[in-house]
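Me: I'm new to this one and would like a close look at a single part of it. Could you take me through the nonpolar core and the residues that make it up?

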Amino acid sequence: MKASKIAYKPVGLALGAVSGMLAGAAFKQAWKVLGRDKDAPDATDEDRTWSEVLLAATLQGAIFAGVKAAVDRAGAATTRSLTGTWPG
């Protein structure tokens, strides 16, 4: 395993935590924009419909994946610009 990849591991973990927080905030805002309730439904929420639960899960997954990819890519690009080596 390359030294740059090993050195990037802690940075990647920190970026993962940051991306999770950003994605959570983005999802809450998106759910509010859709005009839904304040909180998104859980899969076991008895008072919510199937379509509402599945819409929330799909939206949340898409936002989390997009934010994670953007943060990971930015972290790798920044690492390359600072060290000259791509960490992946």
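Reply: Let's start with a term: helices here are DSSP runs of H or I with at least four residues, numbered from the N terminus. With that in hand, keep in mind that what you see is a predicted model. The chain's secondary structure comes to two helices and zero strands. Its radius of gyration is 17 Å, well over the 12 Å that the globule rule gives for 88 residues, so the chain is more spread out than a compact globule. Along the principal axes, the C-alpha atoms fill a box of roughly 50 × 25 × 15 Å.

Of the 88 residues, 19% count as buried, and the largest nonpolar core has seven residues: Ala 23, Phe 27, Trp 31, Ala 56, Ile 63, Val 67 and Val 71. The elements that give two or more residues to this core are helix 1 (3-33) and helix 2 (50-83). Helix 2 gives the most, with four residues. As a bit of background, nonpolar side chains tend to be buried together in soluble globular proteins.

Which residues does Ile 63 touch, leaving aside those up to four places away in sequence? They are Ala 23, Ala 26, Phe 27 and Ala 30. Two of these, Ala 23 and Phe 27, are also named in the core.

Next, have a look at Phe 27 and Trp 31. Both lie in helix 1, four residues apart, which is about one turn of the helix. The structure holds one aromatic pair, and Phe 27 and Trp 31 form it: the pair is tilted, with 6.0 Å centre to centre and 35° between the planes. Are these two buried or exposed? Phe 27 has a relative accessible area of 7%, and because buried means under 20%, it counts as buried. Trp 31 is buried too, at 1% relative accessibility.

Finally, back to the chain as a whole. Among contacts between residues at least 6 apart in sequence, 55% join residues at least 24 apart. The chain exposes about 6300 Å², and carbon and sulfur atoms supply 63% of it.

Note on methods: Residues numbered from 1 in each chain as written. Predicted model: local features only at pLDDT ≥ 70, side-chain atom pairs only at ≥ 80, totals over all residues. Heavy atoms only, no water. Core = buried A, V, L, I, M, F, W, Y, C linked by side-chain atoms within 4.5 Å. Buried < 20%, exposed > 50% of the residue type's maximum accessible area, 1.4 Å probe, protein only. Contact = heavy atoms within 4.5 Å. Phe/Tyr/Trp six-rings, centres within 6.5 Å; stacked < 30°, edge-to-face > 60°. Rg over C-alpha atoms; globule rule 2.2 N^0.38 Å. Areas by Shrake-Rupley, 256 points an atom, 1.4 Å probe, with all protein chains shown as cover.
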